[in-house]
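I opened the model to look up two things.

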Amino acid sequence: PSTIEDRVLHPDSWYYQHNEYDHAQCTRPQPICDDCGYKRDQDYYHAMIESSQVEDGHQYSTPPNMPITCGGEPLSGFVKLTSNLVCNAGAVAADDGYDGETVKAITMSGPGAVLDCDGNTIMMPVGTALGNPVEDGSVGIVLENGAFAINCKVSGFNTGVWMKGRNNVLKNSSVGGATTDNISTTGYGCMTVDGVESVGAGEDGLQIDHAGTMQVFASTFTGNGDMFGDGILTEEGVDLCFTADEVNAIGNSNRGFSLLHIGPAYLKRTNASFNEGDAGVFRFDDSGSTLTLEDVQLIGNVGDGLVAQDVDITTYGTVTSLGNGDDGVEFLAFSGNNVDINVKGDLVLEGSGSNGLSLDNTDGAVSVSVKDCAFLKSCSNIDPDIVASAGSGTIMFEEGVDVTCDEVHDDLIGEFSCSKDCPNDIGTGTICSSPVAAYCYPKPEDW
């Protein structure tokens, strides 16, 4: 599609034509985080079952070997549900006597512990929890210290799934309607979420509060937060390496991704669109970390497409910020930090309600580099396509960069001008008159 509106309404139907990535500077990145021994293309499930049977010498199942009730003792080995598990006020107690926490419907503990829900639902219907509806601190599934859950549906509870300790995996499951977070992590080591749908949490779709590695694959986080919830939130000060691959964070009440005060972060084949807070992706680390973007779409967010503060940015493939209400991309350098922006894959910024690219620096240095095998394009934005405010710091584009734009308002060190004009076929005539561009376009029916 040639118009901005077509691209917003059909975000998966197009990609910009770009050069072959055979230039040494633009080789696709290697994985940034440890894969934790988890291989998506391997039959991890049956390997876990085999290890659980060997470890415990027998197999747990229900029925007939072992009936499962809400709030029972932690289980190891292999557990398979044959029917829904409904937890209500008559079935659970306020405290299960296990590490001082309130009731957990099912707890899987230790390496080789496998829960296969076989498509069945673990639920706590609204209004049946002790005290206020589902406000008793209840948890649907607890995975701890090497446990694995697959094919589960979790509904209700205070927290849907709690991954604690280290090296837990949640796969091919759906979690929804928790009064706080649908999925929560604590502890250290590696945590993996693969093929999971997280919808309609009262707060965040996935709240991360563990040190080590967090990897999220082929998952969707939609409509989370009654008022101020993120699709994915990392808690501040966590020593974490974060990877998201084939992840959609769409229509959440705040941001799609809030990546705060963590180590390296890598978003690949990821979509953060139609979120209602200040940004589709918000990345902040005042100690100077990194954000790598590869084939990322940021479309129709009420605020900015991307806000990145005090982190180095590298783009690969095609990174597109389109039709957002404020800036397409905003890079900030505070606290005396130096920020490098390396465009090694096409960076396309179009149709924003304010600027396409905003560079703001108070007391550090910002450097923008566009490699030979890539381009930066900022067009059809309501305010200047590129704006820079250096404060007491410096902002500099490398000489000879390939930048397509129409209007620049700059406070740059050195000469800078658009090397190419924006094409006419997606000019300002395709932008409606609303001051917030995100409101110009209806959400796609299947968003």
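**Asparagine entry**

I found the side chain of Asn 252 reaching the backbone nitrogen of Asn 224 at 3.0 Å. This is a predicted model: local features need pLDDT of at least 70, side-chain atom pairs count only at pLDDT 80 or more, and totals for chains, interfaces and linings use all residues. Residues are numbered from 1 along each chain as its sequence is written, and side-chain values use heavy atoms, with hydrogens and water left out.

I placed Asn 252 in the loop between β14 (240-250) and β15 (257-260). Strands here are DSSP runs of E, at least two residues, numbered from the N terminus. Asn 252 counts as buried because its relative accessibility is 0% (buried means under 20% relative accessible area, 1.4 Å probe, protein chains only).

I listed its contacts (heavy atoms within 4.5 Å), leaving aside neighbours within four places in sequence. Among them are Phe 221, Thr 222, Gly 229, Asp 230, Phe 274 and Glu 276.

**Cavity entry**

I searched for cavities (on a 1 Å grid over the protein atoms alone, sets of points where a 1.4 Å probe fits but cannot get out). The structure holds one of 30 Å³ or more. The volume, the space filled by probe spheres set on the points, is about 30 Å³ for the largest cavity.

Its lining (residues with an atom within 4 Å of a point) includes Leu 293, Thr 315, Phe 331 and Leu 347. β17 (279-299), β18 (304-322) and β19 (329-333) each give two or more residues. β18 gives the largest share, three residues.

Definitions and conventions. Helix = DSSP H or I, 4+ residues; strand = E, 2+ residues; numbered from the N terminus. Buried < 20%, exposed > 50% of the residue type's maximum accessible area, 1.4 Å probe, protein only. Polar contact = N/O pair within 3.5 Å; in protein donor to acceptor, adjacent residues only side chain to side chain. 1 Å grid on protein atoms, 1.4 Å probe; cavity = no way out; pocket = protein on both sides within 12 Å on 5 of 7 lines; lining within 4 Å.
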